[in-house]
Amino acid sequence: MNGQSLKQAGRPARPAVAALREIDPTKVIYLALAATLVIGWVLVAVDGGDFLTVETIVGIQQRSAALGIVAVGQTLAILAGSLDLSVAYLISLCSLVAAETMAGRDGGIAAGVAAVLAVSALVGLVNGMVITRLRVHAFIATLGTALIIKGVVDHLYDGPAGSVPDSFQRLGYDRIGPVPVSALLWAAVAAAAWFLLRRTRLGHRIYAVGGDEEVARLSGVRTDRVVVLTHVLCSVCAGVAGLLLAARLGAGAPTVGTDGGYDLESIAAVVLGGTALAGGKGGVAGTVGGVLLLAVLDSVFNQLEVNSFFKDVVRGLVIVIAVAVYARRRKGRQI
Amino acid sequence: MSRNRPLVALVVTSTIVFAAGCTSDKPPAATGQSASASAAPAATGAGTGEQSKFFVQADFDAQLAMRTKTPQGDASRPWEQAIDPQMVSTAKYKKDGGVHLCFSNAAVNNPWRQVGWKSMQAEVALHKEITKFTALDAEGKDDKQISDIAELQGQGCDALIVSPNTTATLTPAVKAACGKVPVIVFDRGVDTDCPVTFINPIGGYAFGADGAEFLVEKVPAGGKVLALRILPGVDVLETRWSAAKATFDKSQVQVVGVEFTDGDAAKTKSVVSDYIQRHGKIDGVWMDAGATAVAAVEAFEDAGQPVPAMVGEDQQDFLQKWKDGGLTAIAPTYPTYQWRTPVIAALKILAGEEVPKTWKLPQPKITSDTLDTYLRPNMPPLHYALCGCEEMPGFPENWGGKKS
Amino acid sequence: MKRTLPILVVLAVLLAAIALVNPFFLEPAGFLAFVKRAAPLVILAAGQYFVIVSGEFDLSVGSLVTVEVVVAARLIDGQESATWWVLLLLIAVGLLVGLLNGVVTTALRVPSFITTLGMMLILSGAVFLWTGGAPRGALSEAFRTFGRGNLGPVPWSVLILLAAGAAAILLMRSDFGRRLVATGDNERAAALSGVRVARTRILAFVLSGAAAAITGILLGGFAGVSAQVGQGLEFSAITAVVLGGVALGGGRGSVVAAMAGALTLEALFTLLNLYGISGALEFTVQGVIIIAAVAVGALRLPAWLAKHPPRKQGDTHVA
Amino acid sequence: MTLLGMRGIGKRFLGVRVLSGVDLDTAAGEVHAVVGENGAGKSTLMKILAGVHVPDEGTIEIDGRPVAFGHPLEAQRAGVAIIYQEFNLLPDRSVAENVFLGREPARRGLVDRAAMEAETRRLLDELGETSFGPRDAVRRLSVAQQQVVEIVKALSVDARIIVMDEPTASLAEHEVELLYTLVRRLQRRGLAVLYISHRLREVFDLAQRVTVLKDGARVTTVPTAEVGPDELVRLMVGRELRDYFPPRAAPGEIGEVRLSVRGGGNGRLRGIDLDLRAGEITGLAGLQGSGRTELVKALFGAEPFAEGRMEPRRPRSVRDGVAAGIGLVTEDRKAEGLALRQSVRDNALLVARATAGRQARGDVRALLERVRLSPPDPEQEVRYLSGGNQQKVVLAKWMTVGPAVLLLDEPTRGVDVGAKAAIHDLMRQLARDGTAILMISSELPELIGMSDRVVVMRDGRIAGELPAGSSEEAIMRLAASGEAT
């Protein structure tokens, strides 16, 4: 699936025709998003409904906030040439840690947030260490971590536990006009990640490591450090999502992460946003678009009361088709 | 391996610290529904492990008592019956003209919910006065159901039916909705009494006890019982097991194992075969849901052993097996006909008729005597017999059955 | 062979540990029961191996297995007569899905991780769209024999496993096998040597699809109709293959090791069950062991890593 | 004064000694060549200097102060920069981002793109490079341009010691000239340049001193003024290598036409007329980008002709080409020639297995002996072989199907002197056995020494043809200006 970019490096520039065919995935995804909105609006109107009500707009944002935050983290991991399958269980864990620590006390909020950040960062550290020090493929490493967390959570919890104070629930329910606080939180996280990738050294190095780890290493980048840091950030994003969900649910839930399918869906959203699964290419802007697209689709289906099985079929098609479109850029590489 | 120990240790310990450490100052669980977590205390009882945090003696006693009470109403329409109802006035919700009924569904991701969902749609179709029926499927996601409920409030529903995905976590959303429309909750409950009525059958304790008592009666003293559970951490299932456990602990039977099957038939069969191998003979099998009952039965057949006393559920494939194999069995039920009741309740409420605050539906169990009345060979294997849908238009095709 | 050895050792140890607790395991009947149980996963892993060694992933096998069983139940609907053509149809479905995965991945250049992830969603959605949410119909006795019945003392599934295993080994010894590995190792070099890279990869996916079909047939036979029979199998299969020392990213590892990996995984489940580790903590142990096993595999050549630091196919990359 | 001093450097991999007791020192403003056969330890020595490997024994001193590098970063900080043979650039990032990778200039912790690009621009100007800018994506650059980026990268560290590992390996003649001027400019700036090359001409053109390594040990260090090429070769291989090239084909040995093109053309090529004859080695010369590689790929069917006639047939795909009895030894062994993690046997049989089906296997070991693979162990993984041996495996790969026409693109690039001779003999042997051979080489002495005639390309056309033994100048003139003598 990759290793090609590396070989490209030594080869002369490709003919201009290929250059013309290049597509900027970020543009594509936002075009697709716009198109979906229009089509959705029409379909719902035909169905006799009203698509763009405040409720639906808020709904779209509410539904996408948690996934959005996870996906931003996942973007970092994937850009660095890694990926994280443990986010779903980590989210469950974090929602519980938050709710348990707060235990309904306003005073507990600070402690709860701190605890979540600590736990998630720790898990990210473990992921990163296993991948870099023990040289375990990220797929297996994070799958293993996922199982470990699952076991611990299932062992300790028999269902929703703990509770977050009403003041904290506002994070999940309040909104400024049509914009929920949760959406703002997502926006903040995304902006931070964008800034990180664009303006900081770590950001540049994440692209480098994802583009070609060996090149980065020989250029003096401490690649292992970058990978570990990236995983910490990715896990912390999952932690934040866990906090958000705890606020939404008013309690911690041992299955909220997996029910949400945040692991594979976040990866799907990232790739849908045009980030190359092999790493080194793409960015947060695309991911945000990808998440929104999925959310809008969801919302349209909701309005039309399409059953969930049909939704899955469409989701699957959308993801594959989108990536197929992006893949046209890599044309001319094959022999 | 050794290289990883520290890592795991980190994760595990940190979790335990955060979990246990923080629950210590949390007040003990108040109601039966709210859960509090803590590191597991030491095992007790006859191989049945520690009692679940969900176990609430009062509810347990109440449910067991309910089983013997005669429900009010037409016995031929159990979904309209109620066990000692405390009626509440709904005059303030009275409304004329067409009804826009809304439903926030937790999921349709298993056969039980499929059967129920179809029954509910059929029920809606029965009532001309329902001009619009809007249903959103949360696909088993708490977060989605919360926004679904919020979204429905914007669609001018006259009444909102909620089948919560989980208990504690949906309470805030339901509370919010109560302010705007009359809310009817069924199947799982929520930690608030703001809904006009909460509809469900007697409940998990009764379900669990029905099966356990049957085994205690059929299995000779000292006999070996294997308990199969789907998965930990689901309140409904927890109550079933905790009731069974309470029953077993009082009895002479020996519970040789409590295993989780993830509702996976293959795993169930493997687990049961392992136990047959290890113990030579198993005298009874209890399970908290019937999905894998047939697989368990087959494990005995394949091992060339007589099928012992079995607890199943009202799924066709099990009833069929029961009939064909002349098993010693019982099928406690968690009737899917409860999906009809909320629609009826909603219409009552909007008509200003009073309804029970907590609407307890009867929860029959299928025994060898009643087996034939429930067994319907023309229905799909995972159809639930107590759908109360036999008389409805579109039966059996809409429920996946064949005309016969 | 030298790459196959470690996993065989681990397997032997686990089997010994099982036998220790459960002597019946040593009797033919006991052992056969174990193999019978493991057969579906082993076959699935063999299929997954072809895809992984060619440098790709197949995440769709889990839902494909579910599809196979649900489709079988609805089409057979209890009539013995329907068994045989349905069996053929099921295999065809498996081949077709594999073909689709392969074509989309090679012709449209969609990373197989995404192709098969999409396929996973599409399949699970489509099949229940078709049956209206829950499985209907029933399997015939003839159908169930393959997963459940015995030929004399030997379970059918064990015989099928032996056949499939032998076929897989021969296939990897054949020209196709060598071309497949070469493709996974260096696509360009293979192509410039006249290997039809795309066709080779497609064939790998087709084999994986076929394996999923057989797995479905065996599982359906073993345990009957269920809506979630295939759940999570894709991860088990990939884990098994990797446990066998096959590198994600392609180009190295043997099919024997992959199948041994699957047996090891199954033995692990059995063992955890026997030692009665709490239902939940089982996963934790599993996770640790998987990471550990793969880590040990990777740690065998630190000096080598120093000499040739991992390139793109290196361990920290998704191939 | 000595800028760099390496003393008694020793290194083992998997217990195998690759370096022992190597001394090397160089002064500011010196170009110091390091030569030796592949496997002599040149690259390992340089990687130790660059902090990629940690030596088991020995010390490194810079300005007389002892240093120890655990990571390339530390070497950089100490002023050591290395330009690897296979470029270390990220195709999808801009020139500036590549130049400052790992050392991004920052203001208040934030990357200062403006400064980054300005500085890159400055360095490019300094090297008189205007054909591309700091913001261009490296993917778009030609090989030569990419090398300039590598050099800028090295300069940007203010390196005082620059290691160049086979810098001309992928350059055309005129680009080599550019490189020369660059190196001399660096030298004037008072940098020390460690120059690794197989091409002795460059060593004598550029270096003041040369250190010869053999089997991981230093043979000697001498001023280039005091040795001659033959002497140097003897020091490297430890034997006289008179008669560098095998004898050309006698007129009688050249047989009928095995492949002929008339008016062949595609996106990159126009009006190609070419005949390849049995028993003849045809040299293909031309500047980088003149279309040499494109031509062989077109003949082979990898990037087929869109127009023109071709006998026996015009291949539309690689398989067509192979079926038509054509074989191609590609320019980039590692990327296009071999499945590195497979065994010698699997690589040698790859073509046969891909195209010929069951027959055409033969005895692998015999084949390996025929190509003089040493040791001829079929089970060895090819990535552990030296460049020379790897190239021999690539040749073996094609010999299994006995092609009528064999196209060789830079067959001896990065191959040590000993293996080079072996490959040359093998080529001539194949020709004698009736194979028609077309050989691309940027190394004119080799091209002239091997070819029975030289075809010169320019701008995707065939500029002309020169007889055996033509002068380098004649070839260059034709290649550069299209004028024949």
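## Contacts and chain D

Two residues are in contact if their C-beta atoms, placed from the backbone, lie within 7 Å. In this predicted model, 68% of the contacts in chain D between residues at least 6 apart in sequence join residues at least 24 apart. Chain D contains 18 helices and 21 strands, and 55% of its 485 residues count as buried.

The C-alpha trace of chain D spans about 65 × 45 × 45 Å along its principal axes. A compact globule of 485 residues would have a radius of gyration near 23 Å, and chain D agrees with this because its own value is 23 Å. Chain D also has a cis peptide bond, which runs from E311(D) to P312(D) with omega near 0°. P312(D) sits in the loop between β16 (307-311) and α10 (318-323) of chain D.

## How the chains meet

There are 5 pairs of chains in contact, and of these chains A and C share the most contacts. Chains B and D, by comparison, are joined by no contact. The closest C-alpha atoms of chain B and chain D lie 23 Å apart.

The contact between chains A and C takes 53 residues from chain C and 53 residues from chain A. On the side of chain C that touches chain A, at least two residues each come from α5 (112-131), α9 (187-192), α11 (233-243) and α13 (281-299) of chain C. Of these, α5(C) gives the most, with 14 residues. Sorted by class, this side of chain C has 31 nonpolar, 15 polar and 7 charged residues.

## A bent helix in chain C

Helix α2 (residues 28-53) of chain C bends by about 45° at A39(C). A proline, P40(C), follows within four residues. Helix α2(C) is mostly covered, with 20 of its 26 residues buried. Just after α2(C) comes G55(C), which takes a positive phi of about 90°.

## Chain B: overall make-up

Chain B has 12 helices and 14 strands. Of its 404 residues, 58% are buried. Among the contacts in chain B with a separation of 6 or more, 71% are between residues 24 or more positions apart.

## Chain B: strand β2 and its partners

Strand β2 (residues 99-105) of chain B is mostly covered, since 6 of its 7 residues are buried. It runs parallel to strand β3 (residues 130-137) of chain B, and 7 bridges join β2(B) to β3(B). Within this pairing, H100(B) stands opposite K132(B) in β3(B). With helix α3 (residues 111-126) of chain B, the strands β2(B) and β3(B) make a right-handed β-α-β unit.

Strand β2(B) is also joined to strand β4 (residues 159-163) of chain B, by 5 bridges, and these strands run parallel. Here C102(B) stands opposite L160(B) in β4(B).

## Chain B: a sheet of six strands

An open sheet in chain B has 6 strands in the order β8-β7-β9-β10-β11-β14, with mixed pairing. Its edge strands are β8 (254-260) and β14 (365-366) of chain B, each of which pairs on one side only. Strand β9 (residues 284-287) of chain B and strand β10 (residues 309-311) of chain B pair in the parallel sense over 2 bridges. In β10(B), M310(B) is the bridge partner of V285(B).

Helix α10 (residues 316-325) of chain B has several buried residues, including F318(B), L319(B) and W322(B). The elements that cover the buried residues of α10(B) include α9 (293-302), β11 (329-332) and α12 (371-374) of chain B. After α10(B) comes G326(B), whose phi is positive, near 50°.

## Backbone details in chains A and B

A cis peptide bond joins F395(B) and P396(B), with omega about 5°. P396(B) is found in the segment after α12 of chain B.

A103(A) is found in the loop between α5 (87-102) and α6 (108-132) of chain A. E139(B) lies in the loop between β3 and α4 (142-153) of chain B. A residue is buried if 20 or more other C-beta atoms lie within 10 Å of its own. A103(A) therefore counts as buried, with 22 C-beta neighbours inside 10 Å. E139(B) is buried because 22 other C-beta atoms lie within 10 Å.

Technical notes: Residues are numbered from 1 along each chain as its sequence is written. Chains are lettered from A and ligands numbered from 1 in the order in which they are written. This is a predicted model: local features need pLDDT of at least 70, side-chain atom pairs count only at pLDDT 80 or more; totals for chains, interfaces and linings use all residues. Ala, Val, Leu, Ile, Met, Phe, Trp, Tyr, Cys and Pro count as nonpolar, Asp, Glu, Lys and Arg as charged, and the others, Gly among them, as polar. A residue is buried if 20 or more other C-beta atoms lie within 10 Å of its own, exposed if 12 or fewer, and partly exposed in between; C-beta atoms are placed from the backbone. Two strands pair if DSSP finds at least two bridges between them. A crossover is right-handed if, with the strands pointing away from the viewer, the path from the first strand over the helix to the second runs clockwise. The bend at a residue is the angle between axes fitted to the seven residues ending there and the seven starting there. The radius of gyration is taken over C-alpha atoms; the globule rule is 2.2 Å times the number of residues to the power 0.38.
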